[in-house]
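Reader: I would like to go through this structure label by label, asking for the grounds of each one.
Author: Then let us set each value beside its definition and conclude from there.

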Amino acid sequence: MSTVVHLSGPQRRGPDLRELVAKVAFGDQDAFGRLYDAVAGPVFGLVRRVLRDPAQSEEVTQEVMLELWRFAARYQPERGEVLPWVLTIAHRRAVDRVRSAQAAADREQAVAARDHSPGYDEVAEQVEGRLEREQVRRCLQALTELQRESVTLAYYRGYSYPQVAELLAVPLGTVKTRMRDGLIRLRDCLGVGA
């Protein structure tokens with residue numbers, strides 16, 4: 001069984017939003033107050049669903065209401081009702097706020113990534129250098145005496161191959177062979193790829 005409810009007396013109607021917007025367009029502050037009361041709740045609800053942050057939602061709602069005050073004359077009744085027009089403005093503002101916040105976060109992240117350079121660790125570099133020198137010394141000791149002399153004269157004293165041959169009083173071909181064999185053994189000992 002269904003019941004029908006009959007309202008007695010005049011039904012309560014909301015304010016005529018079109019009329020209020022028209023008055024606001026001419027600077028009527030009282031009309032703006034009534035328009036504010038009529039649309040601020042739905043605007044805040046929509047903005048809050050988009051932004052989720054109450055403080056930002058309040059800010060955006062105030063921006064929308066300020067925009068209504070400043071640009072009420074832009075409303076065109078033939079294009080639709082007032083509330084959907086206002087909610088469209090609110091939605092755009094809320095989405096703009098989300099995009100702006102995301103762009104700012106992206107910029108901060110990009111700057112942080114660009115500016116992040118690992119710190120220079122002088123102690124670690126010194127230790128690494130000592131370890132490498134120690135390994136080279138150990139590998140040099142593994143060479144024959146003739147190979148070690150040739151490599152030391154050429155790479156640590158800066159002599160050319162002909163000068164090394166002259167200093168050691170051996171033919172240039174012999175020095176080249178000693179150098180080649182010595183460098184191959186050093187490479188293998190140090191674990192350096194060919």
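Reader: In which helix does Val123 lie?
Author: Val123 lies in helix α5, where helices are DSSP runs (H or I, at least four residues; strands, E, at least two) numbered from the N terminus. This is a predicted model, in which local features need pLDDT of at least 70 and side-chain atom pairs count only at pLDDT 80 or more, while totals for chains, interfaces and linings use all residues. Residues are numbered from 1 along each chain as its sequence is written, and side-chain values use heavy atoms, with hydrogens and water left out.

Reader: Why is Val123 called exposed?
Author: Exposed means over 50% relative accessible area, buried under 20%, and partly exposed in between (1.4 Å probe, protein chains only); Val123 has 56% relative accessibility, and therefore counts as exposed.

Reader: Which residues make the nonpolar surface patch?
Author: Val123, Val127 and Leu131 make a nonpolar surface patch of about 280 Å².

Reader: What makes Cys139 and Cys189 a disulfide?
Author: A disulfide is a pair of cysteine sulfur atoms within 2.5 Å, and the S to S distance between Cys139 and Cys189 is 1.9 Å, so the two are joined. The pair links distant parts of the chain, 50 residues apart, with Cys139 in helix α5 (residues 122–141) and Cys189 in helix α8 (residues 172–190). The link is left-handed, with -75 degrees about the S-S bond.

Reader: Why is Ala169 called exposed?
Author: Ala169 has a relative accessible area of 68%, and is therefore exposed. This residue lies in the loop between α7 (161–168) and α8, and its phi, near 55 degrees, is a positive value in a residue other than glycine.

Reader: What is the mean pLDDT of the chain, and over which residues does pLDDT stay under 50?
Author: The mean pLDDT (the predictor's confidence in each residue, from 0 to 100) is 85, and 88% of the residues reach 70 or more. Where pLDDT is low, the predicted coordinates should not be read in detail.

How values were computed
Patches are made of residues with over 30% relative accessible area and no salt bridge: like charges are joined within 9 Å, nonpolar side chains (Val, Leu, Ile, Met, Phe, Trp, Tyr) within 5 Å. Accessible areas come from the Shrake-Rupley method with a 1.4 Å probe; for residues, only the protein chains shown count as cover. A salt bridge is a side-chain nitrogen of Lys or Arg within 4 Å of a carboxyl oxygen of Asp or Glu.
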